[in-house]
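Biologist: Can you walk me through this model? I'd like to start with the aromatic rings.

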Amino acid sequence: MVTVSDEIRKKCLVIPDGSGYDTSLFTIPVKYANFLKSILIPNGLVKDRTHKLAVDILSSVPNTKSLVVLCVLKGGYKFCSELVDAMERYICSCEINMSIKVEFIRLKSYHNVSSTGEVEVIGLSNLSHLTGKDILIVEDIIDTGKTMTKALELLKQYSPNSVQCASLLLKRTDKSCGYVPEFLGFTVPEGFVVGFGIDYNEFFRDFPHIGVINEEGIKQFAV
């Protein structure tokens with residue numbers, strides 16, 4: 001069991017080890033009905049937490065006129081869509097003079113016997129246009145944190161005004177490098193979590209809740 005630090009407790013909801021709701025209490029698509037162990041985070045809670053993150057993010061950049069959102073594909077698309085919609089509504093309701101530009105990227109890691117791993121940002125032809133901009137990277141889940149740490153180091157080479165990260169989930173694992181994003185929805189136990197954009201071999205992205213796949217599901221959807 002990995003201990004949750006005070007830093008993490010202050011910025012997100014902690015989903016305890018061994019927690020989860022019985023799947024019979026939810027409407028589950030037939031194609032996934034027999035392949036989920038439990039529902040970890042219901043859709044309504046995911047959305048409500050995302051809306052709060054939207055307010056926190058905008059409050060952190062009170063003087064910016066433009067925010068560049070880098071959505072990490074594929075898993076981050078659903079969280080990013082919900083987050084940006086919430087930010088746009090808040091901007092409109094509070095009459096804030098700010099625009100949001102969304103770019104879609106992929107983070108590709110390289111590992112070999114002589115390297116600790118380098119990261120390539122795919123999707124932006126010219127990273128130099130990020131110079132002087134306020135950047136928000138939106139990710140679905142942080143696992144070890146190594147890829148995001150490398151990506152942040154790369155982006156900072158282009159001298160943005162600010163660069164922050166919002167992640168829906170942070171997995172508790174003893175393999176973590178210690179990285180914690182500035183904005184975080186939930187911290188979850190180590191395991192196979194799926195849903196709300198997060199997949200298992202391209203399945204479950206369309207599942208509305210965040211659940212835990214069972215052993216039968218791992219075998220059923222194995223590549």
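Modeller: First the rule: rings of Phe, Tyr and Trp (its six-membered ring) pair if their centres lie within 6.5 Å, and planes under 30 degrees apart count as stacked, over 60 as edge-to-face and the rest as tilted. By that rule there are eight aromatic pairs. In one of them, the ring centres of tyrosine 21 and phenylalanine 26 are 6.1 Å apart and the planes stand at 65°, so this pair is edge-to-face.

Biologist: What should I know about the source and the numbering?

Modeller: This is a predicted model, where local features need pLDDT of at least 70 and side-chain atom pairs count only at pLDDT 80 or more, while totals for chains, interfaces and linings use all residues. Residues are numbered from 1 along each chain as its sequence is written, and side-chain values use heavy atoms, with hydrogens and water left out.

Biologist: How exposed are tyrosine 21 and phenylalanine 26?

Modeller: Tyrosine 21 is partly exposed at 44% relative accessible area, and phenylalanine 26 is partly exposed at 21%. Buried means under 20% relative accessible area, exposed over 50%, and partly exposed in between (1.4 Å probe, protein chains only).

Biologist: What about tyrosine 32 and phenylalanine 207?

Modeller: Tyrosine 32 and phenylalanine 207 make an edge-to-face aromatic pair, 6.2 Å centre to centre with 90° between the planes. Tyrosine 32 sits in the loop between strand E1 (13-14) and strand E2 (36-41), and phenylalanine 207 in the loop between strand E9 (193-194) and strand E10 (210-213), so the pair ties together parts 175 residues apart in sequence. Helices (H or I, at least four residues) and strands (E, at least two) are DSSP runs, numbered from the N terminus. Tyrosine 32 is buried at 3% relative accessibility, and phenylalanine 207 is buried at 0%.

Biologist: Which residues do ring pairs link into a cluster?

Modeller: The cluster consists of Tyr32, Phe35, Phe203, Phe204, Phe207 and Phe221. Phe204 lies in the loop between E9 and E10 and is buried, with a relative accessible area of 0%. Its phi is positive, about 80°, although it is not a glycine.

Biologist: Where else is phi positive in a residue other than glycine?

Modeller: Glutamate 95 has a phi near 55°. That residue is in the loop between H3 and strand E4 (99-112), and it is exposed at 73% relative accessible area. For background, most residues other than glycine have a negative phi, and most peptide bonds are trans.

Biologist: Which peptide bond is cis here?

Modeller: The bond from leucine 73 to lysine 74 is cis, with omega near 5°. Lysine 74 is in the loop between E3 and helix H3 (77-93).

Biologist: Switching topic. Is leucine 67 buried or exposed?

Modeller: Leucine 67, in strand E3 (residues 66-72), is buried at 2% relative accessibility. Leaving out residues up to four places away in sequence, leucine 67 has contacts (heavy atoms within 4.5 Å) that include Ile57, Met87, Met98 and Leu136.

Biologist: And the chain as a whole?

Modeller: The protein chain has five helices and ten strands. Its radius of gyration is 18 Å, close to the 17 Å that the globule rule gives for 223 residues, so it is as compact as a globular protein of that length. That radius is taken over C-alpha atoms, and the globule rule is 2.2 Å times the number of residues to the power 0.38. The C-alpha trace spans about 50 × 50 × 35 Å along its principal axes, and 48% of the 223 residues count as buried.
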